[in-house]
Structure formats: structure tokens, C-alpha cells
Amino acid sequence: MSILKNIKQSEVLELKNLINYAEGQVVSKTLIQNEGVGITLFAFAKGEGISTHESKGDAIVTALDGTGEITINDKTFTLQAGETIVMPANQPHAVFGVENFKMLLVVAF
């Protein structure tokens, strides 16, 4: 039995096309979530974000579309399509859509 959901298998996919923007919202689509790993797609409408929080796992964020800001320990980084940043476990971080912004989040617990 597959642990994947919301994604087709044995098919070439463009991850950014698996999730759509919604005006004034942050949209998420979980692909895997278990005790060891979480993989989620996010689409941030321009000006939307996720406020500062912490995670028990190390997180890798890869920008798929647009421009976003990732804040880690009060230091802000600008991420554009194709770029990746690691958010260390137990460190405060936040995400903001400077413009429409899609990202892939992989968290290892």
C-alpha cells in the first residue's frame, strides 16, 4: 500500500501544477504525512503567509513558482523558483508570499 496521496504515480509531473492559488489564501496539499516525514505543497497568494512557528523536524523548502520570503531566527531570505533553503528543527521560522508563491516542503522528523 502506498503512503502517497494526492499525487499520481509512474507519471511525469510538474509539482507547481498540482496546486492552485486562491486569492487571499494559503492553500496546502499533503503528499505524505507519517511519523518520519511530511511532504506538502503550498500555494501562497500574494501578501499571504504563515506566521512564526517551530517544527520538531528539519525542513527543506524548494520554491516552485514566484517569490517568497522565508524568515529563520529573525533573518529573512528571498526565495525564487528553483531555489532551496533548509529550516533547522526547533528554530522559529515563517513564510510570506511577496508575490504569488508556490513551494514544496519536506520535513524529516
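Analyst: This is a predicted model. Its largest pocket is lined by Phe-42, Ile-50, His-53, Ser-55, Ala-59, Met-87, His-93, Val-95, Met-103, Leu-105 and Val-107. The volume of this pocket is about 150 Å³.

User: Which strand supplies the largest share of the lining of the largest pocket?

Analyst: Strand S7 does, with five residues. Strand S3 (49–53) and strand S7 (93–108) each give at least two. By kind, the lining residues are eight nonpolar, three polar and no charged.

User: How many aromatic pairs are there, and what makes Phe-42 and Phe-44 a pair?

Analyst: The count is two. The ring centres of Phe-42 and Phe-44 are 5.8 Å apart, and the cut-off for a pair is within 6.5 Å. Their planes are at 25°; under 30 degrees counts as stacked, so the Phe-42 and Phe-44 pair is stacked.

User: Why is the pair of Phe-44 and Phe-101 called tilted?

Analyst: The centres are 6.0 Å apart and the planes are at 35°. Stacked needs under 30 degrees and edge-to-face over 60, so this pair is tilted. Phe-44 lies in strand S2 (residues 37–44) and Phe-101 in strand S7, so the pair ties together parts 57 residues apart in sequence. Phe-42, Phe-44 and Phe-101 form one aromatic cluster.

Definitions and conventions:
Residues numbered from 1 in each chain as written. Predicted model: local features only at pLDDT ≥ 70, side-chain atom pairs only at ≥ 80, totals over all residues. Heavy atoms only, no water. 1 Å grid on protein atoms, 1.4 Å probe; cavity = no way out; pocket = protein on both sides within 12 Å on 5 of 7 lines; lining within 4 Å. Points joined across faces, edges and corners; volume = space filled by probe spheres on them. Helix = DSSP H or I, 4+ residues; strand = E, 2+ residues; numbered from the N terminus. Nonpolar A, V, L, I, M, F, W, Y, C, P; charged D, E, K, R; others polar.
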